[in-house]
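Colleague: Could you take me through one part of this model up close? I'd be glad of a friendly, step-by-step account.

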Amino acid sequence: MVTWLNALSRTRKQFAGALARVFSRSDKGEKVDQDTLDELEATLLLADMPVRLAAELKDEIESGYKGLRVDARDMLRKIMIKSLGDAPAYPWPVVDPLLSILVVGINGSGKTTTCAKLAALAKQAGRRPLLGAADTFRAAGSEQLRIWSERVGCEAVVGRTGADAAAVAFDALAAARARGCDVAIIDTAGRMHTKQPLMEELGKVRRSMAKHTPDAPHEIWLVLDAALGQNAVVQARMFNEAAPLTGVVIAKLDGSAKAGFVFSLARDLKLPIRYVGLGEGMADLAPFDPASFVDALLGYESPYKETAGADAGVERR
Ligand SMILES: Nc1nc2c(ncn2[C@@H]2O[C@H](COP(=O)(O)OP(=O)(O)OP(=O)(O)O)[C@@H](O)[C@H]2O)c(=O)[nH]1
Ligand SMILES: [Mg+2]
């Protein structure tokens with residue numbers, strides 16, 4: 001299983017040098033000079049950190065040094081965690097007759113893999129999940145989900161290529177009920193957020209699910225590819241307009257050098273970040289945890305120990 005620390009190494013490398021220079025001065029009780037602060041701000045932006053947050057972090061360090069000596073590590077850590085807000089774990093509620101989760105996103109964002117990982121988590125939590133392949137666009141898409149269902153060891157309903165995605169989603173809920181499953185996770189075809197007819201199809205899928213169970217889908221989760229950085233925030237806004245999202249899953253956090261966009265998602269969009277993908281394996285989906293995320297960005301093994309000394313693991317050049 002991939003750790004947060006490993007998964008965030010590419011983003012961390014973006015600003016590790018600048019951070020190390022700030023910390024080494026802070027450790028010696030020296031004032032951090034303007035050039036170092038400017039460098040830190042610029043490198044945070046390279047990692048797609050929101051502009052306001054990068055400026056705020058810089059200002060905090062600057063003003064902190066005007067007063068008593070402060071621990072720059074601790075200060076940055078606290079501000080970053082606070083800016084991510086609360087992230088309560090998804091409770092996997094028991095719903096009568098079954099909980100349904102619709103998974104949406106652009107092409108290749110990581111939807112199918114995420115659906116499988118979610119089914120594995122649900123199973124671990126003692127639930128009986130069913131995977132529904134409403135990606136009827138490509139034969140390979142449905143086949144991929146069927147193979148995953150065998151690996152996970154759960155039920156699956158796979159639509160024929162070219163079939164109506166809304167009808168397949170309905171069938172999946174009906175099959176889940178008939179087979180005694182209590183969670184249905186519905187995968188959909190990748191769609192560009194800029195293509196109106198494709199976005200409208202999502203409405204059709206939702207209405208079809210609601211015909212089976214009046215309040216279905218209970219969750220609509222958008223899977224974002226973390227490699228896209230701030231562009232993922234634009235996608236999230238547009239998907240949220242087309243279908244009322246109830247949460248976000250950030251896939252491929254491990255491949256991203258721009259994970260700073262996660263702060264924008266949390267601050268500006270106010271959508272719960274439910275899970276993050278830290279690798280390709282079935283077990284590489286972790287509940288989003290602000291402290292683990294920030295600790296990994298700063299180079300700490302999580303949980304961070306407040307007593308950690310000057311060599312707490314931030315890469316130094
Ligand atoms: N490293 C890494 N790779 C991931 C993660 N999630 C998905 N992938 C990979 O990303 C690629 C695309 O994943 P899919 O799940 O097929 O994406 P999709 O959104 O279903 O794609 P379409 O159905 O074609 O739109 C695959 O090679 C996955 O193994 C992750 O968290 N980390
Ligand atoms: Mg897919």
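Modeller: Let's start with the outward side of helix α3, where Asp 35 and Asp 38 are exposed, meaning that 12 or fewer other C-beta atoms, placed from the backbone, lie within 10 Å of their own. This is a predicted model, in which local features need pLDDT of at least 70 and side-chain atom pairs count only at pLDDT 80 or more, while totals for chains, interfaces and linings use all residues. Residues are numbered from 1 along each chain as its sequence is written, and chains are lettered from A and ligands numbered from 1 in the order in which they are written.

On the other side of α3 from those two, Leu 40, Glu 41 and Leu 44 are buried, with 20 or more such neighbours within 10 Å. Seen down the axis, the buried residues fall within an arc of 95°, so they line one face of α3; the arc is taken from the directions from the helix axis to the C-beta atoms. Their cover includes α2 (9-28) and α4 (51-64), where contact means C-beta atoms within 7 Å.

The expected span is 1.5 Å times one less than the number of residues, and helices here are DSSP runs (H or I) of at least four residues, numbered from the N terminus. Just after α3, Asp 48 takes a positive phi of about 65°.

Key. Contact = placed C-beta atoms within 7 Å.
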